[in-house]
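Q: Could you walk me through this one? I have the sequence and the model open.

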Amino acid sequence: MAVLPGLIDCHTHLADGARDPSGDPLSQLKKTAAQVAFESIPNARLTLESGFTTVRDVGVYRAFNDLALRDAISAGYVVGPRMFVAGAYITISGGAGALTGMAPDITLPWDLHYGEANSPWEVRQKIRLLANHGVDHIKVLSTGAVLTHGSSPRSEEFTMDELEAAVDEAHHFGLRVAAHAHARQGIKNAIRAGVTSVEHATLIDDEGLALAKARGTYLDMDIYDEECIQADGASGKIPTDFLQHDAELGRIQRENFRKAVNAGVKMSFGTDAGVCPYGVAARQFAFMVKYGMTPMQAIQAATGSAADLLGHSSDLGSIKPGKYADIIAVAGDPLQNIHQLEDVKFVMKEGKVYVRK
Ligand SMILES: [Zn+2]
């Protein structure tokens with residue numbers, strides 16, 4: 001066996017209930033909050049049993065379902081990874097993190113649009129509330145998204161003023177900010193505003209790469225999940241507007257991942273789990289190697305670098321006295337065959353064994 005620190009996925013959505021292959025957020029309207037919460041229990045278990053002992057969960061449609069899951073896991077009611085959670089998406093109305101696609105005369109319940117904010121002061125107000133409710137970080141949506149009706153991944157959404165307000169307000173509470181961004185200007189705005197990580201970073205340009213490097217901003221690029229979007233698209237499950245948003249983006253993101261690795265930008269491991277089925281996140285390692293990382297760099301993205309991104313280098317990300325006993329093992333040497341990480345044989349979290357094959 002090869003022994004490694006427990007893996008960390010820096011971009012998950014464990015608390016959105018059973019995965020819907022259509023990726024259509026409107027399916028949330030068919031379920032109560034409690035139903036979504038119970039459906040999320042297997043998501044947590046599959047994630048832990050596949051070797052991920054910690055996740056940074058970066059947003060949920062039903063506000064605060066992620067805090068409930070985090071706390072249920074830490075209390076021992078539910079088996080799952082240690083979760084760091086965002087509470088809600090901070091998004092413009094009608095934007096990447098909003099539930100959209102309904103007729104305009106339909107009023108959503110409060111928890112399905114909790115994080116909507118449309119000025120720097122509204123952004124600050126929402127962050128103040130989230131901080132008070134006990135979130136671990138803030139997730140802002142800087143640009144449009146692929147899997148959102150009426151939102152283009154190539155558009156900017158929050159303004160520079162709003163992004164700066166988000167980072168400033170989050171820092172008042174000791175919270176870091178993760179920014180969803182596909183469009184190149186939205187990526188640069190987020191980096192200049194001082195976010196800790198840019199999620200997706202799909203269309204990042206050379207200036208964006210230089211800025212990320214200079215500022216020490218992490219890029220958290222989900223370069224595997226395109227496989228799932230295309231497979232679900234081929235079977236006719238995904239709404240056609242989402243497939244149009246996605247055209248070309250997967251290929252460009254992978255090319256830009258290679259550029260980022262070559263430029264020496266800080267990189268973490270994040271998969272957008274929920275786009276692909278839960279429990280297969282480790283398939284991304286082979287893609288990170290295919291697109292320019294050494295196997296050791298790919299492993300570090302999910303261990304030491306991920307812990308640094310979380311601000312938890314002192315207790316996560318390596319095997320040392322004084323840290324959590326989060327330890328996994330695989331059957332062969334992952335530095336020789338990175339696919340070994342897709343079949344984890346042993347999982348321990350905080351000294352308790354969950355998998356022994
Ligand atoms: Zn996501």
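A: First a term: buried means under 20% relative accessible area, exposed over 50%, partly exposed in between (1.4 Å probe, protein chains only). By that cut-off H11 is buried, with a relative accessible area of 2%, and H13 is buried at 9%.
A: This is a predicted model, where local features need pLDDT of at least 70, side-chain atom pairs count only at pLDDT 80 or more, and totals for chains, interfaces and linings use all residues. Residues are numbered from 1 along each chain as its sequence is written, and side-chain values use heavy atoms, with hydrogens and water left out.

Q: Which residues coordinate the zinc ion?
A: H11 (NE2), H13 (NE2) and D272 (OD) do, at 2.0 to 2.2 Å. Donors are N, O and S atoms within 2.8 Å of the metal (3.2 Å for Na, K and Ca); water is not among the atoms, so sites may look incomplete.

Q: How are the donor residues spaced in sequence?
A: The pattern is H-x1-H-x258-D.

Q: Changing topic, what is the strand order in the sheet of three strands?
A: β2-β3-β4, an open sheet with parallel pairing. The edge strands, β2 (7-12) and β4 (82-84), each pair on one side only. Strands are DSSP runs (E, at least two residues), numbered from the N terminus, and two of them pair if DSSP finds at least two bridges between them.

Q: How many bridges between β2 and β3?
A: Four, with β3 covering residues 52-57. T12 has D57 as its bridge partner in β3.

Q: And the sheet of four strands, what order there?
A: β1-β11-β12-β13, open and antiparallel. β1 (2-5) and β13 (352-356) are at the edges with a single partner strand each, so one side of each has no neighbour in the sheet.
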